[in-house]
Amino acid sequence: AGLTTYYHPGINLKKVHFDSIKLYESLEAETGQAVSLHQPGSVRIASTPARVDEMKYQMTRTHWNVTEQYLIGPEKVQELFPLLNMDKVRRSETPCR
């Protein structure tokens, strides 16, 4: 599985993403077949204050499907991605597992 994230602005697709990830997490144990699921986490970058507000709002909607999410500042983003041009970076992160 690849490019699967818990983040999605729509409630219905957020649930589909959540359920899909949970399915992949359990498939190997249920079937004995390796699925090679790797969850490195993801970083969403906000380049405007409005995008930061949107991320905060989306984070309030995670109580339907509880997922770890954190707001981080540009310093942490720079630490995680030292080659990234930081001119417009604001904040947000989904943790690794």
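Which side chain meets that of Glu54 in a salt bridge? In this predicted model, the partner is Arg51, at 2.6 Å from N to O. Both residues lie in helix α2, 3 residues apart, about one turn of the helix. Glu54 is partly exposed, at 26% relative accessibility. Arg51 is partly exposed as well, at 46%.

The chain contains 3 helices and 0 strands. Along the sequence the pattern reads α-α-α. Of its 97 residues, 27% count as buried. Contacts between residues at least 6 apart in sequence were also examined; 54% of them join residues at least 24 apart. The accessible surface of the chain comes to about 6,700 Å². Carbon and sulfur atoms account for 56% of that area.

Helix α2 spans residues 49–60 and has 12 residues. From first C-alpha to last, α2 reaches 17 Å, close to the 16 Å expected at 1.5 Å a residue. Its buried residues are Val52, Met55, Gln58 and Met59. They lie on the same side of α2, because they cover an arc of only 120° around the axis. The cover over these buried residues includes α1 (11–31). The face of α2 turned away from the buried side carries Pro49, Ala50 and Thr60, which are exposed.

Side chains of opposite charge can pair when their charged atoms come close. The whole structure holds 3 salt bridges. One of them is the Glu54 and Arg51 pair in α2. Lys22 has a relative accessible area of 30% and is partly exposed. Glu25, at 32%, is also partly exposed. In helix α3, Lys76 forms a salt bridge with Glu79. Their closest N and O atoms are 3.4 Å apart. Lys76 and Glu79 are likewise separated by 3 residues, about one turn of the helix. Lys76 counts as partly exposed, at 33% relative accessibility. Glu79 is exposed, with a relative accessible area of 57%.

The surface also carries a nonpolar patch. Ile45, Leu80, Phe81 and Leu84 form this patch, and together they have about 310 Å² of accessible area. Leu84 is found in the segment after α3 (74–80). Its relative accessible area is 33%, so Leu84 is partly exposed. That value lies over the 30% required of a patch residue.

Technical notes
Residues numbered from 1 in each chain as written. Predicted model: local features only at pLDDT ≥ 70, side-chain atom pairs only at ≥ 80, totals over all residues. Heavy atoms only, no water. Helix = DSSP H or I, 4+ residues; strand = E, 2+ residues; numbered from the N terminus. Expected span 1.5 Å × (residues − 1). Buried < 20%, exposed > 50% of the residue type's maximum accessible area, 1.4 Å probe, protein only. Arc of directions from axis to C-beta. Contact = heavy atoms within 4.5 Å. Patch = residues over 30% accessible without salt bridge, like charges linked within 9 Å, V, L, I, M, F, W, Y side chains within 5 Å. Areas by Shrake-Rupley, 256 points an atom, 1.4 Å probe, with all protein chains shown as cover. Salt bridge = Lys/Arg side-chain N within 4 Å of Asp/Glu carboxyl O.
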